[in-house]
Each structure stands twice: as C-alpha cells, then as structure tokens.
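I opened this notebook to record what I looked up, entry by entry, in the order in which I looked.

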Amino acid sequence: MQITGPNGQVADVDFENRVKTFAVTQPEDKHINLEGGTHSIYFTVTPAGANDYFYYLKNTGVSDLYITDIRIKSTVVTDIYYEYVSGTPTYTTGTATGDVTRNLGSARSLSVESKYDTDITGLTSLGVLFFECCAAANTRYKLSTSSNVIIPQGKAIAFKREAATGVIEALVSVVDSAS
C-alpha cells in the first residue's frame, strides 16, 4: 500500500500499517542549536547572607523557555534551591547577565529578565523545583533533568542558597522553544 501526500510525494506502508522510512537522526538539542536556540547564561555572585535569592530569570518573550541543566559550584558547603517564584524582584545592584548562543554563527538572544545580585527580595516562593547539595567546596555540581524546567511567558525562577557565606559560580543552560 502507498500513501500519497498533497504534494504528490508517496510513502510506502507495510502489512502491519507501518510507514517505511529512511532517516538521519540527531538529538533534539543539537537540532535546536542549529537554529540558534540553545543558550548559556554564566555568572559569579557572593550572596549577602543565608537563604538569600541570588539569581532571577523571568521569561519576557512569547515562546516557552526550557532550562535543561544547571552547573553550579560554591566556595563553601551549602544547599542550593531552584524555586518557582512570583512577585517583583528588588535588587541591591541587579547585574544583568548576558546569554551566549551555543551556535557561534547565530545572533539570536533570549527575551528574558536575567539578573544576579547579593540579595534579591520581593519574591514569593511558589515551590521548590529542585535542590542541589554542594557537599564539597569548589566542586562543580550538575543538575540535569530530561523533563526540563519549562518557563512560559511571564513566569520566573529564582535560585537561593542556604549558607551565609561563599562565592557561587553558575552556568544555566536555556533553550528557546521558538526554534
């Protein structure tokens, strides 16, 4: 049996109703990156005290954003909390992060409010999405989630750390679903 599409192309179907194909496959993130939709956001910050929010990311664009993984290290042993938040952030200085597309031939950038600070206030936690136990100082930890953290238009995530001292270094991997 054959199926003919509206453009006249034909596909063969076997006796079990399976379409016969020949395909070259690639990971989804590579495909999105070919279109310039995969980004890295890097920052270093020293939060002012215990349980302070130090990073805020809000989707200000129209397409969903996906956080695929987070690499983080701390100069002191601490727990890091990745939280779904609401509210209007108030910053001490509020340094904007840059995002770098992982396709070096693309000029695309993310539509986000992405800032790090020593103490971000004005936020209400709507729940902990993940946590990371930085059990050893100056060791890189990586959160990877196959489900991703999906951030629709107007929604936000913030990072908080438990310890009262220490420098945080982080890289957040973000995919723009418009790709």
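**Entry 1: terms and ground rules.** I call a residue buried under 20% relative accessible area, exposed over 50% and partly exposed in between, with a 1.4 Å probe and protein chains only. The model is a predicted one, so I note that local features need pLDDT of at least 70 and side-chain atom pairs count only at pLDDT 80 or more, while totals for chains, interfaces and linings use all residues. Residues are numbered from 1 along each chain as its sequence is written, and side-chain values use heavy atoms, with hydrogens and water left out.

**Entry 2: arginine 108 and aspartate 176.** I began with arginine 108, which is partly exposed because its relative accessible area is 26%, whereas aspartate 176, at 9%, is buried. The two form a salt bridge (a side-chain nitrogen of Lys or Arg within 4 Å of a carboxyl oxygen of Asp or Glu), and their closest N and O atoms are 3.2 Å apart. Arginine 108 lies in the loop between strand 8 (99–101) and strand 9 and aspartate 176 in strand 12, so the pair ties together parts that are 68 residues apart in sequence. For these element names I use DSSP runs numbered from the N terminus, with helices (H or I) of at least four residues and strands (E) of at least two.

**Entry 3: the other salt bridges.** How many salt bridges does the structure hold? I find 6. One of them joins the side chains of glutamate 169 and lysine 73, at 3.5 Å from N to O. This pair links distant parts of the chain, since glutamate 169 sits in strand 12 (residues 168–176) and lysine 73 in strand 5 (residues 65–74), 96 residues apart. Glutamate 169 counts as partly exposed at 27% relative accessibility, and lysine 73 counts as partly exposed at 29%.

I then turned to glutamate 83 and lysine 160, which form a salt bridge with the closest N and O atoms 3.2 Å apart. Here too the pair links distant parts of the chain, with glutamate 83 in strand 6 and lysine 160 in strand 11 (residues 156–161), 77 residues apart.

**Entry 4: rings.** Lysine 160 also lies over the face of tyrosine 53, at 5.4 Å from the ring centre; the criterion I apply is NZ of Lys or CZ of Arg within 6 Å of the ring centre and within 35 degrees of the ring normal. For ring against ring, I count Phe, Tyr and Trp (its six-membered ring) as a pair if the centres lie within 6.5 Å, with planes under 30 degrees apart called stacked, over 60 edge-to-face and the rest tilted. The structure holds 7 aromatic pairs. Among them is the edge-to-face pair of tyrosine 82 and phenylalanine 159, at 4.6 Å centre to centre with 75 degrees between the planes. Tyrosine 82 belongs to strand 6 and phenylalanine 159 to strand 11, 77 residues apart. Both are buried, tyrosine 82 with a relative accessible area of 1% and phenylalanine 159 with 0%.

**Entry 5: aspartate 52.** Aspartate 52 lies in strand 4.

**Entry 6: strand 9 and its partners.** I take two strands as paired if DSSP finds at least two bridges between them. Strand 4 (residues 52–59) runs antiparallel to strand 9 (residues 112–134), with 6 bridges joining them, and lysine 58 has glutamate 113 of strand 9 as its bridge partner. Strand 6 (residues 78–90) pairs with strand 9 in the antiparallel sense over 11 bridges; there, isoleucine 80 is partnered by glutamate 132. Strand 7 (residues 95–96) is also antiparallel to strand 9, through 2 bridges, and alanine 96 has lysine 115 as its bridge partner in strand 9.
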